[in-house]
Amino acid sequence: MRICSDQHLAYCTNVHPGGNWEETFHSLNEYTLKIKEKVSKDEPFAIGLRLSQQSALELQKDSVLSQFRQWMDKHNCYVFTINGFPYGDFNQGVVKEDVYRPDWSSTDRLTYTKNLFDILSTILPSGVSGSVSTLPGSFKEFPNDANAINLINKNLIECHQHIVSLKEKQGQDLHLGLEPEPLGLFETTEETVQFLQRLFDDAGSKEIQSTIGVNYDTCHLAVEFEEATDAFQKLKAANIRVSKIHLSSALRIKISDSAPTQLSPYIEPRYLHQVIAKDDTGNITRYKDLDLALNQFSKTNQHDEWRIHYH
């Protein structure tokens, strides 16, 4: 829904099953319309559409896309942003670090993201900016040597060129938001700025700064012990566009002897729940997952505070 002249608030559908378009469309009918009824009954309702690679391929068919547009018109809904971070089925089986595969060194990730922009350009309301959010290049534990970084930048620049071609053809403001995340290739604001400055230099054109920016997830950066005001100031100083903001929550706990008992119920096998711990001297320790952090609990000095990537 429109919250001011040029800003919109959307309900993100990545919390629902969406391995293919049938599942995605079912969730829109089963869950999203109920949310609209409660919060925007008589006003246009914005959907932050999460599309897997399979869903995107199916939705690109003219007949399916036409039906979806008719559905949005009927229910007074619209899409101005797409979540293009999870490539596959985000709600089935064990996901963990596979959520980062394929990463931006792969042409599969590039093709998928270009498809998302093609869809968005077709369904985007007139006069509204359109965004796609994506992963922070890769995962820190993946091979990220100079060759991999070059491939990541090459594919992002090609995506930028595709966005530009759509913008010129359709007269739309379209942009990609790279999403810093704990243990992503870049996870802090400082790392994000460094990565994007190199990308912009490699592109050799200032135009890329209007098409590629940052998707700021409030959970992710809070887990990094960052203050939003400071982060936005750094992004602004570096002329980095804030493409989108995800409003999401995280776990925070002051550590005591009871911490393992309190946190154990949050261990689950599907997703990564990265832990960033800060001790009373300001030192930071990072753990890939909550169970790994708890396994080390009795072997290390207790930290003053843990912040956990757990929406």
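Visitor: How much space lies in the second largest cavity?
Guide: About 30 Å³. Keep in mind that this is a predicted model.
Visitor: Which residues line the second largest cavity?
Guide: K96, Y266, I267, E268, H273, D289, L290 and D291. By class, that lining has four charged, three nonpolar and one polar residues.
Visitor: And how much space is in the largest cavity?
Guide: About 40 Å³. Its lining is made up of T13, H16, P17, G18, T24, S27, L28 and R50.
Visitor: What classes are those lining residues?
Guide: Five are polar, two are nonpolar and one is charged.
Visitor: Which helix gives the most to that lining?
Guide: Helix α1, residues 21–39, with three residues.
Visitor: New topic: the sheet. What order do the strands take?
Guide: The order is β3-β4-β5-β6-β7-β8-β9. The sheet is open, has seven strands and pairs them in parallel.
Visitor: Why is one side of β3 and of β9 left without a neighbour in the sheet?
Guide: β3 (10–12) and β9 (242–246) stand at the edges, so each has a single partner strand.
Visitor: How much twist is there from one strand to the next?
Guide: The twist averages 30 degrees.
Visitor: How many bridges join β8 to β9?
Guide: Four, and the two strands run parallel.
Visitor: Which strands does helix α3 touch?
Guide: Helix α3 (residues 62–75) packs on the sheet and touches β4 and β5. Its direction makes about 125 degrees with that of β5.
Visitor: And where does helix α5 lie?
Guide: Helix α5 (residues 146–170) lies across β7 and β8, running at about 155 degrees to β7.

Notes
Residues numbered from 1 in each chain as written. Predicted model: local features only at pLDDT ≥ 70, side-chain atom pairs only at ≥ 80, totals over all residues. Heavy atoms only, no water. Pairing = 2+ DSSP bridges. Axes fitted to C-alpha atoms, helices over the stretch in contact; angles between N-to-C directions. Contact = heavy atoms within 4.5 Å. 1 Å grid on protein atoms, 1.4 Å probe; cavity = no way out; pocket = protein on both sides within 12 Å on 5 of 7 lines; lining within 4 Å. Points joined across faces, edges and corners; volume = space filled by probe spheres on them. Nonpolar A, V, L, I, M, F, W, Y, C, P; charged D, E, K, R; others polar.
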